[in-house]
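Here's a quick briefing to read alongside the structure. Have the model open and follow the topics below.

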Amino acid sequence: MNNATPKLWTMAGGISPPANKQQSLQGVIRKAALPPQLFVPVSQSDFNKPQLCVQLGARVHKGQVLALGSPTMGVTAHAPAAGVVSAITEQQVPNMSGLRELCVVIDTDASDTSWPKLPPLDYLHTDSDTLIQRIFEAGISGLGGAGFPAHNKVRCALHNIDTLVINAAECEPYITADEALLRERAGDVINGCLILLQLTGAARCLIGIEDNKPQAIAALRKHADDSRLQVMVIPALYPSGAEKQLIYMLTGKAFSADTLPVASGVLCHNVCTAFAIARAVLRGEALLSRIITITGAAVNEAANYEVLIGTPVSALLQQSAVDPMRLSQLISGGPLMGMLLPHAQLPVTKLTNCIIATTAQELPTPPPAQACIRCGYCVEVCPALLLPQQLYWFARSKEFDKAQAHNLNDCIECGACAYVCPSHIPLVQYYRAAKAELAQVHDKQQRAVYSRQRFDAHQQRKAIEQAQDEQRRAERATLAKQKQETTSTSSTAAQNAVAAALARVQAKKAALKQAVADNNKDPAP
Ligand code: SF4
Ligand code: SF4
């Protein structure tokens, strides 16, 4: 580890809500029990058109590929446990869009048969393409929340970056999955960092972690014995774990919504992603499970669980001894950026890091929204240096172009503004709605441009075809005329020849007749 004192930049805004992390950090990571059915999502993103590799009724082994993701934007899905495919169906999963996703349903059994693992790779002597292919084959997506295919993110960064940032900040209340992983398995997280350094050619790796995680910091420091690694301890302040904010705090580099960190020479990955990459490369393991915090006042055994992808939330609540009489709301993710689950039958995905089962006292229904009093508290806490109340006015009055001009797209939807708003205005809901409207308008404009381009191209093609048709017609007419002329010339010549021959015959006949007549007139003396 590099012992030089790292320079830190200060994030704008931020809030310090109650952490509520201790409840789930009382013990070690538990292994969640095998549920009777797994609902494994196989598409995961709008861009992924998965190629199914199993059929209804097929027996599958643990680790067997269920669906191959597209090599660019896709994520490969594996069977997390052995069993029989009992359905392949679209169903609701926890995602912000609310859209249903294609899931392979596996009726699990105790056979525990496993598909052969991929061979371990010596990453120091393996080329980049092979390592990236391994990340793809292992089905690793960004596990910090965005879910972007990890192999694609790494490929974009190949030889383009100087700094690798590893996000261990985990700043949102209640969530402790990353912290639990670091406390117990920091060695493989560091291995993942070293693999990513080797793969991308970055000169340094900065691991950002909040100062309220002393055990995790100690574990990281114990294993980070490479001079390119720096464990950088940042103040516990929400949302320091947001990608842009963390990169700024660690490197001083800032970028807007329409630029990627790679353009500034930085690649950012979450600790869980680094861990999964280490397991895939060093042990040939596919991503079949992840660590999820099960917490909230309605569960009696809050803890971090290692959970198979596709496990229904209801099975996890049962294991953590939920009290159904006290259960008020289910949240996937944190209380500020997470989403409300409509029911507990939804499966966990590769992006699920926390399930909060709240009671009514713990998360009371917010009072009705009041008028904005222009107190400016929201401006003070905004980490993106925006004017949240202005964005609210524009979104509310449907002046979306003005909201866009005020950098609505730079809003990371952290909810800090809504958290401090004394008028209880659900600000983030307005921003999301405005962004969706703008996306629709942009989509329509794009489609109008495409159809105009298609129409123009069609017209052009038609004009070219018409011109070619006319040219062919003209050529055919010329040819026909020439042929006709040739035919008529040759027929006149033939007629003349026949007439000449006839004339010759006639002349011969006449001469013969005359000779006969002459003979008859003058008999020989
Ligand atoms: S915090 Fe709420 S009330 Fe205050 S200015 Fe912002 S939106 Fe208005
Ligand atoms: S939700 Fe958006 S506007 Fe509100 S504080 Fe966060 S970044 Fe700023």
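Which helices each supply at least two residues of the shell around ligand 1? They are α8 (377-381) and α9 (388-396); helices here are DSSP runs of H or I with at least four residues, strands are E runs of at least two, and both are numbered from the N terminus. Before you dig in, note that this is a predicted model, where local features need pLDDT of at least 70, side-chain atom pairs count only at pLDDT 80 or more, and totals for chains, interfaces and linings use all residues. Residues are numbered from 1 along each chain as its sequence is written, while chains are lettered from A and ligands numbered from 1 in the order in which they are written.

**Around ligand 1**

- The shell has 15 residues, and the closest are C372, C375, C378, Q389 and C421; a residue is near the ligand if its C-beta atom, placed from the backbone, lies within 6 Å of it.
- α9 gives the most to this shell, with 3 residues.
- By class, you'll find 11 nonpolar, 3 polar and 1 charged residues. Nonpolar covers Ala, Val, Leu, Ile, Met, Phe, Trp, Tyr, Cys and Pro, charged covers Asp, Glu, Lys and Arg, and the others, Gly among them, are polar.

**Helix α2, tucked in**

- Of the 8 residues in α2 (residues 150-157), 6 are buried, so the helix is largely enclosed by the rest of the structure. Buried takes 20 or more other C-beta atoms within 10 Å of a residue's own, exposed takes 12 or fewer, and partly exposed is in between, with C-beta atoms placed from the backbone.
- The buried ones are A150, H151, N152, K153, V154 and A157.
- They pack against α1 (128-137), α3 (177-200), β12 (266-270) and α6 (271-283); contact means C-beta atoms, placed from the backbone, within 7 Å.
- After α2 comes H159, with a positive phi near 55°.

- As background, most residues other than glycine have a negative phi, and most peptide bonds are trans.
- Y238 and P239 are joined by a cis peptide bond, with omega about 5°. P239 sits in the loop between β11 (229-234) and α5 (243-251).
- N407 isn't a glycine, yet its phi is positive, near 65°. You'll find N407 in the loop between α10 (400-405) and α11 (416-420), and N407 is partly exposed, with 15 other C-beta atoms within 10 Å.
- H424 also isn't a glycine and has a positive phi of about 55°. H424 lies in the loop between α11 and α12 (427-521), and H424 is exposed, with 12 other C-beta atoms within 10 Å.

Key: Two residues are in contact if their C-beta atoms, placed from the backbone, lie within 7 Å.
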